[in-house]
Each structure stands twice: as structure tokens, then as C-alpha cells.
Amino acid sequence: MTRAPRPMPQRILLTNDDGIDGEGLAVLEEIAHALAPEVWVVAPTLDSSGGSTALTIRRPLRVHEIGPRRYRVDGTPADCVAVALAHVMPDARPDLVLSGVNRGANLAEEVVYSGTVGAATTAQLMGIPAIALSQTFRDPSFVPWDTPRTLAPAMLRGLLARGWPEDVMLNINFPDCPPADVQGARLTRQGHGMIGGIRVETEVDHHGDTDLWLRFDRRGPDRSADCDIQALRDRHVSITPLGVDRSWAGDRTALQALIDSLPGGRA
């Protein structure tokens with residue numbers, strides 16, 4: 001069921017996975033202030049990339065107020081959303097949660113690990129409309145932050161004015177180009193091929209201890225016209241609807257036959 005059109009949000013909660021000092025979070029604050037009169041920030045103390053929807057349940061969390069409506073949490077992005085809604089602002093629930101703007105794309109299989117997407121997913125699970133925003137780049141020394149800064153306010157106004165299904169959060173990726181070169185927005189699906197495997201690299205530190213670093217292997221990325229990866233190649237903003245339901249949506253006939261053949265099955 002699609003949300004009915006409604007007034008612009010009066011209160012927005014922001015978080016990210018790059019940490020409270022992330023450049024993209026500062027850009028997101030500019031975007032949010034163009035949409036709502038009241039903006040709250042509850043973000044991780046440190047970079048928490050790769051955190052997905054992880055919640056910290058084996059140790060206590062620490063929350064520090066560092067400014068008006070501005071807090072840092074020594075936890076994951078999902079922790080930040082949970083702490084914000086249940087502790088920091090329980091009597092002032094936001095109309096919208098924005099997560100990002102992530103320094104780097106969140107595409108294809110990578111969204112499974114993304115803390116940016118994980119925070120938005122947590123908000124959606126808790127009944128708050130949520131959007132994850134990420135900015136693609138090729139040159140680490142130059143991330144085109146002006147692209148989301150320029151384009152996101154009008155784009156988000158349009159999305160909010162029309163609404164989207166209540167069981168959906170939106171994953172938005174901006175292409176690596178100036179805002180004037182963006183060719184518009186495209187509704188996309190998750191592509192494939194961004195992750196071909198996970199390898200371990202080792203380093204010995206100055207104490208003689210071995211450090212392990214996890215790295216993604218890449219394979220040939222999806223080039224289908226309707227996927228998020230290709231949209232960015234074509235200089236479109238990719239908007240992918242994501243849901244919490246991870247049931248496989250393919251043809252279940254062969255799987256049903258397999259289940260029916262098991263002991264206790266229908267066959």
C-alpha cells in the first residue's frame with residue numbers, strides 16, 4: 001500500500017556509517033535543513049562501515065550530547081537509530097530518517113553489508129519512512145559532494161509528496177559526476193557482481209602480532225539496463241526499493257518438488 005501524499009516533514013533524524021565527523025553527514029545536514037525545520041543527528045562515534053543491521057547487545061552503549069539535537073553513540077548505525085527513537089527523542093519521533101550521505105556507493109550485493117542501508121532498514125522496521133543516500137566516486141581525493149547537495153532536496157521533496165509503500169525503504173546512489181551532468185533518476189533493482197568473494201590479507205605489526213584484514217574480491221559487474229550499477233554508469237541517480245522480506249522471488253517449482261521429496265514431505 002502506498003503512503004498518501006502529505007506535508008513535508010517537520011522533524012528529520014540523520015545518521016550514517018562513516019561516523020559523526022563524516023563529510024557526507026555534513027552534506028546530509030544541509031539537505032535535511034532544506035526540507036524540515038527540525039533536524040536531529042545521532043551518528044556513530046567512529047566509522048562503522050560494513051555494520052549492516054548489527055545491534056550491540058553484549059555491552060552497554062555510551063551516548064554523548066555534543067551540540068543541540070546532536071549526539072554521538074559508540075555503536076553501530078542501527079544502534080544509533082534504536083537509541084535515537086527509544087532514548088534520545090522518544091517523545092519527538094521523526095517523520096523521516098535519512099542515512100548517509102555515504103562516501104562511496106552502496107550497490108548490488110554490497111547492500112547486505114552496508115551500515116548506511118542497515119540504519120535505514122532499522123528505521124523502516126520501527127515504522128519510520130527511511131532513505132539511504134550514497135555518493136559514488138572514482139578518485140578518493142575528490143568526492144563530488146555537490147551532486148547530492150544540489151539534487152537531493154528537490155528529489156526528496158518529490159518522493160515524499162507522492163509517498164512509497166510502507167514496507168519499503170529507498171536506497172539512493174548518486175553518480176560520479178557534477179550535478180549538471182546527471183541524466184535524471186532511474187528506478188532500479190539490485191545488480192549482481194560487486195562481490196565475487198571475501199579474502200584475508202595479513203600484516204605483522206610492530207609487536208609481532210598478525211593482523212587480518214578482510215577484503216572483497218570483485219567479479220564482472222551486472223550490465224543490465226535496469227540495475228543500479230548500470231544506472232550510475234549512465235549518469236543516472238539510482239533509486240532502488242529495498243524490503244526486509246528476504247524471501248527468494250524466483251520460480252519455486254523445483255524447490256517445491258525438492259521439499260516434497262524429503263521424508264515427511266507431501267510426495
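**Entry 1, ground rules.** I am working with a predicted model, in which local features need pLDDT of at least 70 and side-chain atom pairs count only at pLDDT 80 or more, while totals for chains, interfaces and linings use all residues. Residues are numbered from 1 along each chain as its sequence is written, and side-chain values use heavy atoms, with hydrogens and water left out.

I looked up the UniProt record, an unreviewed entry, and found Asp-17, Asp-18, Ser-49 and Asn-102 given under "binding site". These positions are spread over 86 residues of sequence, yet they cluster in space, with a largest C-alpha distance of 9.2 Å. I keep in mind that UniProt positions follow the numbering used here, that feature names are shortened, and that annotations may be inferred rather than shown by experiment.

I placed Asp-17 in the loop between strand S1 (11–15) and helix H1 (23–33); helices (H or I, at least four residues) and strands (E, at least two) are DSSP runs, numbered from the N terminus. Asp-17 counts as buried because its relative accessibility is 3%, where buried means under 20% relative accessible area, exposed over 50% and partly exposed in between (1.4 Å probe, protein chains only). Ser-49 sits in the loop between strand S2 (38–44) and strand S3 (63–67) and, at 46% relative accessibility, counts as partly exposed. Contact means heavy atoms within 4.5 Å; not counting residues up to four places away in sequence, Ser-49 touches Asp-17 and Asp-18, while the contacts of Asp-17 include Ser-49, Asn-102, Pro-77 and Thr-116.

I took a nonpolar core as a set of buried Ala, Val, Leu, Ile, Met, Phe, Trp, Tyr and Cys residues joined through side-chain atoms within 4.5 Å. The largest has 34 residues, of which Leu-14, Leu-98 and Ile-131 touch the most other members. Among the elements giving two or more residues to this core are S1, H1, strand S5 (96–103) and helix H4 (146–162). Apart from this core lies another, of 24 residues, among them Leu-13 and Val-81.

I found Asn-171 in strand S7, where it counts as buried at 1% relative accessibility. Its side chain reaches the backbone oxygen of Asn-106 at 3.0 Å. Leaving aside neighbours within four places in sequence, Asn-171 is also in contact with residues including Val-111, Ala-132 and Thr-240.

Conventions: Polar contact = N/O pair within 3.5 Å; in protein donor to acceptor, adjacent residues only side chain to side chain.
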